[in-house]
Amino acid sequence: MGKASKDKRDIYYRKAKEEGWRARSAFKLLQIDEEFNIFEGVKRVVDLCAAPGSWSQVLSRKLYLPAKSSPDCRDIDLPLIVAIDLQPMAPIDGVIQVQGDITNARTAEVVIRHFDGCKADLVVCDGAPDVTGLHDMDEFVQSQLILAALTIVTHVLRVGGKFIAKIFRGKDTSLLYCQLKLFFSHVTFAKPKSSRNSSIEAFAVCENYSPPEGFNEKDLYHLLEKIGSPSGVEDLGFWITSCFDYRLPKWVVGGSKQEGGSYKSLDPVQPPIAPPYKTALELKKAANHGILEIDKLSLNSDHIWLHCVIPNSKHTTQHQIGEP
Ligand SMILES: C[S@@+](CC[C@H](N)C(=O)[O-])C[C@H]1O[C@@H](n2cnc3c(N)ncnc32)[C@H](O)[C@@H]1O
């Protein structure tokens, strides 16, 4: 769908640009907060898988900026927000950025160091792998991200704290629910209105962190493996029904001036600064200008390579464009 077309059809896509959010995902976190009051009393937060940064913007606007503008706020009282992603992000007021892989143990160590012995009140994770369209596969990779996030949670979250994580609904949802229930007294799976009904995503809202007595972080995977999968998920938590209200009124979609549809499509708030697809786009551009001819793709154990030929010469070039 083109930019103008999305602007017309999706109210949150357009509203995000009007309000200066980097992605429409901002509304998912805002709506989760409206329902669950997740920011109450929060001073320290970790935003996992944060790029391009709309959730970090929400954290900055809800927590950091109000504190900063308060006349008697001392630097020491300012909320601490640490955001992590594989991709770099443009800066956001009051947000410390860490570029790293949340499945890597060293990333957790970097986060812990930023908290300087203190614990976080809230951990949010909107992590998503590149979706393949194969639901079982996508759900599995997503569940690995949640487990990585849960590992970080067990190291940085204070007792009583909250954890919000994107999940993919599927056959293992009930297992995930039971695993999360080991650590939180309340777990709810929520589908905010701004999350498209066609998407299998939902959010686990986990409240009151209370790990089992004597729990040792090193035993996390061992403990999770012990949980059997119960059948049925609908009765486990409550689901906030989604109501398609991301569509704009008909007169805007129709777009005719007589109907009042004089919308103007808006530019993105903050395009990604180093998207993973950047090399592929540059090569495509070069191919369109006849500078290169794309020959074939190949895969070795670590990377995807694009092989190109320089027209009218015998020269070839190889470009790494991603990881499998
Ligand atoms: C849906 S986007 C997050 C959007 C973000 N919450 C926002 O509001 O702008 C998913 C992010 O997960 C990140 N991601 C996926 N796997 C990751 C990993 N292993 N470690 C860190 N980040 C990861 C991706 O780089 C991507 O930026």
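Biologist: Where does helix 4 bend, and by how much?

Modeller: In this predicted model, helix 4 bends by about 40° at serine 60. The helix runs over residues 54–69.

Biologist: Which residues of helix 4 are buried?

Modeller: Here is the general idea. An α-helix has 3.6 residues a turn, so residues three or four places apart point the same way. As for the case at hand, the buried residues of helix 4 are Ser54, Trp55, Ser56, Gln57, Val58, Leu59, Ser60, Leu63 and Tyr64. Serine 60, the site of the bend, is on that list.

Biologist: And what covers the buried residues of helix 4?

Modeller: The cover includes helix 3, strand 1, strand 2, strand 3 (95–99) and strand 4.

Biologist: Let's turn to the ligand. Which residues come nearest to it?

Modeller: The ligand has 23 residues around it, and Ser25, Cys49, Ala51, Ser54 and Asp126 come nearest. Helix 4 and strand 2 (80–85) each supply at least two residues of this shell. Sorted by class, the shell has 13 nonpolar, six polar and four charged residues.

Biologist: Asp126 is on that list of nearest residues. Is aspartate 126 buried or exposed?

Modeller: Count the C-beta atoms around its own: 20 or more within 10 Å make a residue buried. Aspartate 126 has 23 others within 10 Å, so it is buried. Its place is the loop between strand 4 and helix 6 (135–156).

Biologist: What is aspartate 126 in contact with, leaving aside its neighbours within four places in sequence?

Modeller: Its contacts are then Ser25, Cys49, Trp55 and Lys166. Ser25 and Cys49 are also among the residues that come nearest to the ligand. Look at phenylalanine 203 too: it is 77 residues from aspartate 126 along the chain, yet their C-alpha atoms are separated by 8.5 Å.

Biologist: Ala51 was on the nearest list as well. What is the peptide bond from alanine 51 to proline 52 like?

Modeller: Read omega for that one. The bond is cis, with omega near 5°. Proline 52 lies in the loop between strand 1 (44–48) and helix 4.

Biologist: Now the strands. How does strand 7 pair with strand 5 and with strand 6?

Modeller: Follow the bridges. Strand 5 (residues 157–168) and strand 7 (residues 201–209) run antiparallel, joined by six bridges; isoleucine 167 has alanine 202 as its partner.

Biologist: How many helices and strands does the protein chain have?

Modeller: There are ten helices and ten strands. Of the 324 residues, 31% count as buried. Among contacts with a separation of 6 or more, 67% join residues 24 or more positions apart.

Key
Residues are numbered from 1 along each chain as its sequence is written. This is a predicted model: local features need pLDDT of at least 70, side-chain atom pairs count only at pLDDT 80 or more; totals for chains, interfaces and linings use all residues. A residue is near a molecule or strand if its C-beta atom, placed from the backbone, lies within 6 Å of it. Helices (H or I, at least four residues) and strands (E, at least two) are DSSP runs, numbered from the N terminus. Ala, Val, Leu, Ile, Met, Phe, Trp, Tyr, Cys and Pro count as nonpolar, Asp, Glu, Lys and Arg as charged, and the others, Gly among them, as polar. Two strands pair if DSSP finds at least two bridges between them. A residue is buried if 20 or more other C-beta atoms lie within 10 Å of its own, exposed if 12 or fewer, and partly exposed in between; C-beta atoms are placed from the backbone. Two residues are in contact if their C-beta atoms, placed from the backbone, lie within 7 Å. The bend at a residue is the angle between axes fitted to the seven residues ending there and the seven starting there.
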